[in-house]
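This report concerns the structure of a single protein chain. Please keep the sequence and the model in view while reading.

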Amino acid sequence: MLRLRIQRTTWPRPALILTDTPRPDCPQCDGDGGTARDYGHPETGEYDGTDWEPCTCWNEHRRWVLLPLPRLTPPGGYSDEPPF
């Protein structure tokens with residue numbers, strides 16, 4: 001079952017999208033949509049980054065564009081991109 005919400009995105013262009021959300025009662029991710037794992041540098045052991053492992057309770061790539069939004073223009077300028 002899909003759990004949909006409306007969200008604003010800026011990449012690849014500004015738009016309102018309809019997107020799937022993680023299952024709030026998921027026992028694997030506790031509704032976060034995945035697990036973050038920190039890892040260290042193999043030689044020094046110092047922090048080197050974080051890996052994100054998405055959970056199977058949702059699909060982060062399931063999204064549909066509802067309305068493309070015009071790009072921001074310089075102050076006082078007008079956009080000629082649809083919707084006008």
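The sections below cover the overall fold, the strand pairing, the salt bridges and several individual residues.

## Overall fold

The coordinates come from a predicted model. The secondary structure of the protein chain consists of zero helices and five strands, and its elements follow the order β-β-β-β-β from the N terminus. The chain has 84 residues, of which 20% are buried. Its accessible surface amounts to about 6,800 Å², and carbon and sulfur atoms hold 55% of that area. Among the contacts with a separation of 6 or more, 41% are between residues 24 or more positions apart.

## The hairpin of S3 and S4

Strands S3 and S4 are paired in the antiparallel sense, with seven bridges. Six residues lie between the two strands of this hairpin, and Gly 45 adopts a positive phi near 80° there. Within the pairing, Arg 37 stands opposite Asp 51 of S4. The salt bridge of Arg 37, however, is with Glu 53, at 2.9 Å from N to O. This pair links distant parts of the chain, since Glu 53 belongs to strand S4 and Arg 37 to strand S3, 16 residues apart. Glu 53 is classed as partly exposed because its relative accessibility is 38%. Arg 37, at 43% relative accessibility, is likewise partly exposed.

Tyr 47 is located in strand S4, which spans residues 47-54. Is Tyr 47 buried or exposed? Its relative accessible area is 57%, and residues over 50% count as exposed, so Tyr 47 falls in the exposed class. Leaving aside neighbours within four places in sequence, Tyr 47 is in contact with Asp 38, Tyr 39 and Gly 40. The side chain of Tyr 47 also makes a polar contact of 2.6 Å with the side chain of Thr 50.

## Salt bridges

How many salt bridges does a search of the whole structure find? The search gives four. Side chains of opposite charge can pair when their charged atoms come close.

| Residue | Partner | Distance, N to O |
|---|---|---|
| Asp 20 | Arg 3 | 4.0 Å |
| Arg 23 | Asp 25 | 3.2 Å |
| Glu 53 | Arg 37 | 2.9 Å |

The side chains of Asp 20 and Arg 3 meet in a salt bridge. Asp 20 is in strand S2 and Arg 3 is in the segment before S1, so this pair ties together parts that are 17 residues apart in sequence. Both Asp 20 and Arg 3 are buried. A network of salt bridges links Arg 3 and Asp 20 with Arg 62.

The pair formed by Arg 23 and Asp 25 has another setting. Arg 23 has a relative accessible area of 33% and is therefore partly exposed, whereas Asp 25, at 57%, counts as exposed.

Thr 21 is placed in the loop between strand S2 (15-20) and strand S3 (34-40). Why does Thr 21 count as buried? The relative accessible area of Thr 21 is 14%, and the buried class takes residues under 20%, so Thr 21 belongs to it. Not counting residues up to four places away in sequence, Thr 21 touches Arg 3, Arg 5 and Trp 58.

## Exposed positions

Ile 6 lies in strand S1, residues 4-9. Because its relative accessibility is 60%, Ile 6 counts as exposed. Together with Leu 66 and Leu 67, Ile 6 makes a nonpolar surface patch of about 280 Å².

His 61 occupies the loop between S4 and strand S5 (63-68). With a relative accessibility of 66%, His 61 is classed as exposed. His 61 and Thr 19 are 42 residues apart in sequence, and their C-alpha atoms are 8.2 Å apart in space.

Definitions and conventions
Residues are numbered from 1 along each chain as its sequence is written. This is a predicted model: local features need pLDDT of at least 70, side-chain atom pairs count only at pLDDT 80 or more; totals for chains, interfaces and linings use all residues. Side-chain values use heavy atoms; hydrogens and water are left out. Helices (H or I, at least four residues) and strands (E, at least two) are DSSP runs, numbered from the N terminus. Buried means under 20% relative accessible area, exposed over 50%, partly exposed in between (1.4 Å probe, protein chains only). Contact means heavy atoms within 4.5 Å. A polar contact is a pair of N or O atoms within 3.5 Å; within protein, one must be able to donate a hydrogen and the other to accept it, and residues adjacent in sequence count only if both atoms are side-chain atoms. Patches are made of residues with over 30% relative accessible area and no salt bridge: like charges are joined within 9 Å, nonpolar side chains (Val, Leu, Ile, Met, Phe, Trp, Tyr) within 5 Å. Accessible areas come from the Shrake-Rupley method with a 1.4 Å probe; for residues, only the protein chains shown count as cover. Two strands pair if DSSP finds at least two bridges between them.
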